[in-house]
Amino acid sequence: MLAFILRRLFQAVLVMLAVGLVAFSLFNYVGDPVNLMLGQDATPEQREELRRDLGLDQPFYIQYARFVGNAVQGEFGLSLRQARPVSTLIKERLPATLELAFCAAALALFLGLVMGVYTALRRRGYFSQVLLTVSLIGVSLPTFLIGILLIYVFAVTLQWLPSYSRGEVTQLGWWSTGLFNKDGLKALILPSITLSLGTMTLIMRLVRSEMLEVLRTDYIKFARARGLSNRAVHFGHALKNTLVPVITIAGLQLGAIIAFAIVTETVFQWPGMGFLFIQSVQAADIPVMAAYLVMIALIFVTINLIVDLLYYLVDPRLRIERSGSAH
Amino acid sequence: MDTLKRFFDGDIWWSFKQSPLTIGASIVALICILGAVLSPLLAPHNPYDLAQISLLNSNLPPSWMKEGVASFPIGTDQQGRDILSTIMYGSRVSLLVAVSAVLMSIVMGVSLGLLSGYVGGRLDSFIMRIADIQLSFPAILVALLLAGVGRQFLPRDQQDSLAIYVIVFSIGLTGWVQYARTVRGSALVEKSKEYVQAARVIGVSKWRIMVKHVLPNVLGPVLVIATLNVATAILTEATLSFLGVGMPPTQPSLGTLINEGQNFLLSGEWWLTFFPGLALVAMVMSVNLVGDWLRDALNPKLR
């Protein structure tokens, strides 16, 4: 167990170092942000002053050492575009992204499970067929088109829901949330649906096929032969074994949700980290981009580590095999 | 002639004829591809020839609506360009990017997979470890970060003209793992077969065996993955362009068109977004269906 965790941790550190290198080389090899900020008609003195202020006049190795040291402490300097600390910017934007991602993940997991179990148990039902067909279309539609479609129907045509921003948010310390008032909740609906749809259909299809497989096994037949009720067989015995692969996929899908959050945030102009990244790309705001790179790599490395561990804990077979081969 | 006859007699053509869905999908795919590739010949207007466009024609709705004009069947954009033509030219860009990216993935993945499987040892575990790590990040995220970060390394005035290379590189670099894993698996099997041993006995060099003997025998599944990958690559490219880190407005792909059209959604010009989106979905879905069919048709276990 310990060796397993250590090996994973080592790999995680290597990945972080590689990403850090990319982030740092951004600082060093990318065109001049001074020109970008001051425009055409700045005097050389102004340029020099700004260059000094931003720390762009120092040699390569000093900037590099400073970068690594600061990155570990979560400091990425000033945003070139907004002239505010990047860490503050990220702190402001992080709650928006996490709130959106978790709402979408919860929605996808819950509805995906329910629909998956339903379509497996009522395999030949009419509604099941409809669900499966719709999910096939859902898979082929790219996230941004789903978002645009929802905006057109619910925001432009019906005018029920807002089409952009978070609406009103409540401030809890540095954490901002839209969950506690009607305006914020309303703004959350369309982006969450957009973001959850892909994962939802995936989980639904996975649960369905796993459930169908489990229902064919001998121990289910035996449970039926013992005269257990349908409910006990389906939810007590079958569902439990269905969940093992679902946990891994759901965990990995959390990563996909965070990745696609960039797209959803841009469509809905949701003030999260993904939208911040896209804005910083367009403005060549290097510190923000570097911070985002490191941040997203950290999130992914952590998720993967947790999923590995969970899998290890949930499936006892894995533990026996590993410890068996170790001796 | 003979090979053609054998093809029409064979299993694959038979299974093609048995599936109306596949026939329909391949017709749609063919229309999309021909319309895209031959757009300079087939498109009713040339939307990028300034002499042909006129601001007087701007923002016309599709021809069946009240203010529509027959010569612009599905309307015009704010610069007076014919939407049908911009879609055809845009599909060409999308397709070009997707196919080039997939080719890059194939070259990279097949050679790394072959090396990994045939040479084995440390090289194998190194390549496969990198593949594992890459797989733990979603492909679209990697492509997005690469494209967003990659363009920063270009001189600012050339970012638009070089954008296509950055995108092909970003999408191509994210796709190699699947090929590498498949090819590695097949190469491991082929390696122990008699023809390889025979070649080694008569003193054929390692590289020659790999390229001349093993490679042709591991390419089968690559075709299926490549077809499905073209669909994914079209979607990835569209997403990147939609986010503004893909093709520039001067050389728009379908994603760029949707991005531009989205700004006019609130003012009611839905056709600017709807038709490019429709073309995108049609193209992706039909290529996907053909790929799925190909996978089943080429799988000997399912026969």
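**Exercise 1. A helix crossing**

Task: In this predicted model, find the handedness of the crossing of H6(B) and H9(B), and work out how the two helices lie to each other.

Solution: 
- Start with the handedness: the crossing of H6(B) and H9(B) is left-handed.
- Next, locate the pair. H6 covers residues 121-135 of chain B, and H9 covers residues 176-191 of chain B.
- Now take the geometry: the two helices pack at an angle of about 140°, and their axes are 10 Å apart.
- Angles over 145 degrees count as roughly antiparallel, and 65 to 115 as roughly perpendicular.

**Exercise 2. Who touches whom?**

Task: Which residues make the contact of H6(B) with H9(B), and how do they divide into nonpolar, polar and charged?

Solution: 
- On the H6(B) side, look for Asp124(B), Ile127(B), Met128(B), Ile130(B), Ala131(B), Asp132(B), Gln134(B) and Leu135(B).
- On the H9(B) side, you will find Trp176(B), Val177(B), Ala180(B), Arg181(B) and Arg184(B).
- Sort them by type: 8 are nonpolar, 1 is polar and 4 are charged.

**Exercise 3. From one chain to two**

Task: Describe the make-up of chain B, then its contact with chain A.

Solution: 
- Count the elements: chain B has 14 helices and 0 strands.
- Turn to the partner: 33 residues of chain B and 41 residues of chain A take part in the contact.
- Chain B and chain A bury about 3200 Å² between them, with 80% of it on carbon and sulfur atoms.
- Finally, count the salt bridges between chain B and chain A: there are 0.

Definitions and conventions. Residues numbered from 1 in each chain as written. Chains lettered and ligands numbered in written order. Predicted model: local features only at pLDDT ≥ 70, side-chain atom pairs only at ≥ 80, totals over all residues. Heavy atoms only, no water. Axes fitted to C-alpha atoms, helices over the stretch in contact; angles between N-to-C directions. Helix = DSSP H or I, 4+ residues; strand = E, 2+ residues; numbered from the N terminus. Parallel < 35°, antiparallel > 145°, perpendicular 65-115°, else oblique. Left-handed = near helix turned anticlockwise from the far one by under 90°. Contact = heavy atoms within 4.5 Å. Nonpolar A, V, L, I, M, F, W, Y, C, P; charged D, E, K, R; others polar. Buried area = accessible area lost by both parts, 1.4 Å probe. Salt bridge = Lys/Arg side-chain N within 4 Å of Asp/Glu carboxyl O.
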